[in-house]
Amino acid sequence: MGSISATTQNLLQFLQSHFAQLVSKGRRGPLIAALLAIAVALPCAMMMPPLDRDESRFIQASAQMIETHDYININVQDVPRYKKPVGIHWLQVAAVKLTSGVAKRDVLAFRWPSILGAALAAFACAWGASYAFGTRVGTKAGIIFAVTFMLSTEAFIAKTDAVQCGFITLMMAALAQIYLRTRDLGKDDPRPKMPWVKLVFWLGLAGSIMIKFIIGPMILATTLLTLWALDRRIRWARNMGWGWGLILVALICGPWIMAITVTTDGQFWVGAVGKDFADKLKGGSEGHFMWPGYHLALLPVTMFPAAWFLGGALQTAIFRRHEAAIRFAIAWFVPAFLIFELSPTKLPHYTLPTFAALAWLCALSLNVPLKLWARIVNVALGIVGGLTLSALAIAGYVLYGNGAAFVFMIAVILAAVVIGGLGGWLMWLNRQRTGFAFILAAGILAHLSFVSELAQLKPLWISKQLEAALVSNHLDPRHDLRTPGPVAIIGYSEPSFVFAMGTRTQLLNDDVKGAVRALREGRPLFVESQFEKAFQAEAAAQGLSPHAVSQVRGHNYNGRDQVLTLYDNPPAP
């Protein structure tokens with residue numbers, strides 16, 4: 001028995017000492033980072049209802065593409081959506097056709113592109129860092145990025161940001177390799193061919209343009225200009241394959257750009273550039289104005305659990321800024337981050353495409369002795385990130401929670417504060433491997449617990465409650481043929497309800513006469529409390545007695561507390 005125990009112990013010690021080498025050879029490190037990103041995002045994508053308003057608008061527009069077979073125009077019901085390119089919708093359409101069906105309204109099917117976009121971002125982060133700093137650092141960088149709170153969150157939301165981050169990170173990882181391999185070549189030195197790396201670079205750029213137009217080219221431009229300013233030379237950029245690369249981008253992006261221009265008579269560009277993009281530059285578009293410093297203040301949360309490494313990342317950037325690979329990371333992160341800070345319109349996810357560069361610096365800092373100030377910054381930001389997440393979890397439970405939410409709230413606190421704090425303490429004691437493992441576990445468990453709690457906050461998911469009320473009262477026109485459709489609703493216009501009940505769902509806004517007309521036709525009708533008095537008066541004037549069958553109460557997180565009454569007046573024989 002003693003011999004077996006000793007053999008087992010020796011085997012465990014061997015695996016522990018060689019694990020990093022085993023997983024980092026070739027593409028194993030990037031693949032592990034990608035799989036970890038999927039593992040963190042997939043449970044969240046399966047448990048969360050459709051989110052208002054952006055996600056539900058994206059998935060409803062994609063659903064309508066399948067229903068109408070129109071893959072050029074982007075519409076939500078009868079309203080054109082002139083904001084973003086078609087790329088995300090094509091990916092969602094493909095995912096739905098491969099994994100589900102549009103009639104099922106399975107939100108997970110629409111979320112697969114975002115999940116895979118986050119996996120691509122983690123893969124590309126590890127791939128680029130592996131070339132720049134070695135496979136061990138590259139693997140750590142990819143893992144750190146895979147579990148950061150913002151990437152893990154965008155990964156389960158079916159909109160553009162995770163996919164855009166994937167394409168941009170892929171583009172920048174390829175650009176880093178081109179830069180590092182050609183930066184110090186003389187005028188007469190032979191140029192490395194790198195056809196596949198260049199192809200990846202241009203495909204990443206084209207993909208970013210088809211997802212969100214300007215952000216990818218902006219980050220590319222600011223990086224090139226910053227490297228030019230720092231190096232005082234830019235000759236290496238001639239080796240990027242500009243001729244065939246720009247042609248490839250035009251072939252990928254051009255057909256749809258021409259088609260949407262002709263189809264909408266140029267109105268798409270008036271909406272996307274002249275209004276949506278211009279409004280973000282002029283002021284706080286859609287009420288999202290924030291002062292400069294907003295994104296910096298959010299870093300302990302958006303980068304959690306990597307907040308425990310940000311002090312080391314800062315030290316690495318300052319003291320090793322003359323190294324080419326670190327200079328590239330700085331040129332990627334700093335100017336783009338500043339542009340997002342200076343833009344008046346701010347949302348937490350805007351800076352996500354720059355985070356892979358920060359993950360590079362965080363991973364590199366794990367292998368160097370840190371100065372006291374850097375260690376203090378690590379601890380301070382790690383504690384701030386953990387306490388902030390805990391405070392949000394407590395607030396969610398106090399305002400809208402139940403018994404199950406309480407369990408997950410406690411799990412968030414234990415993961416973000418206790419496990420994260422233990423990991424930070426071990427890092428302070430220079431027990432790097434064990435501390436790193438605890439901090440990663442803290443990030444993963446805190447995120448999963450936080451999202452699980454959020455999914456349990458029933459009052460926030462009004463559309464889900466409305467759908468449940470229709471089903472429980474046998475008034476869902478999709479399943480009960482005796483109930484005429486479509487469902488009508490007044491005073492509640494969230495796109496998640498349209499996605500759930502179908503494109504023909506009638507959003508009446510403030511049309512009281514339209515609500516009474518739906519009642520007369522025998523269609524299911526929801527009336528929000530602020531329209532109740534006017535609705536009853538109009539119904540009485542037309543000789544109708546509304547029959548209430550159910551009531552839904554909740555908090556619209558895009559607005560206020562709401563109470564909606566479901567009416568069922570069967571049509572006259």
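**Exercise 1. How do S6 and strand S7 run, and how many bridges join them?**

Step 1. Strand S7 covers residues 561-567; seven bridges join S6 to S7, and the two run antiparallel. Strands here are DSSP runs of E with at least two residues, numbered from the N terminus. Two strands pair if DSSP finds at least two bridges between them.

Step 2. Find partners. Val-552 stands opposite Leu-564 in S7. Gln-551 has Thr-565 of S7 as its bridge partner.

Step 3. Look at the link. Five residues lie between S6 and S7, and the two strands form a hairpin.

A note on the model: it is predicted, so local features need pLDDT of at least 70 and side-chain atom pairs count only at pLDDT 80 or more, while totals for chains, interfaces and linings use all residues. Residues are numbered from 1 along each chain as its sequence is written, and side-chain values use heavy atoms, with hydrogens and water left out.

**Exercise 2. In what order do the five strands of the open sheet stand?**

Step 1. The order is S4-S3-S5-S7-S6, with mixed pairing.

Step 2. Check the edges. Strand S4 (506-509) and strand S6 (548-555) each have a single partner strand, so one side of each lacks a neighbour in the sheet.

Step 3. Move to S5. Strand S5 (residues 525-528) pairs with S7 over four bridges, in the antiparallel sense. Here Leu-525 stands opposite Tyr-567 in S7.

Step 4. Ask about cover. Six of the seven residues of S7 are buried, so S7 is largely enclosed by the rest of the structure. Buried means under 20% relative accessible area, exposed over 50%, partly exposed in between (1.4 Å probe, protein chains only).

**Exercise 3. How many disulfides are there?**

Step 1. Apply the rule: a disulfide is a pair of cysteine sulfur atoms within 2.5 Å. The count comes to zero.

Step 2. Cys-125 counts as buried because its relative accessibility is 1%.

Step 3. Cys-362 counts as buried because its relative accessibility is 0%.

**Exercise 4. Is Val-417 buried or partly exposed?**

Step 1. Locate Val-417: its place is in helix H18.

Step 2. Read the value. At 31% relative accessibility, Val-417 counts as partly exposed.
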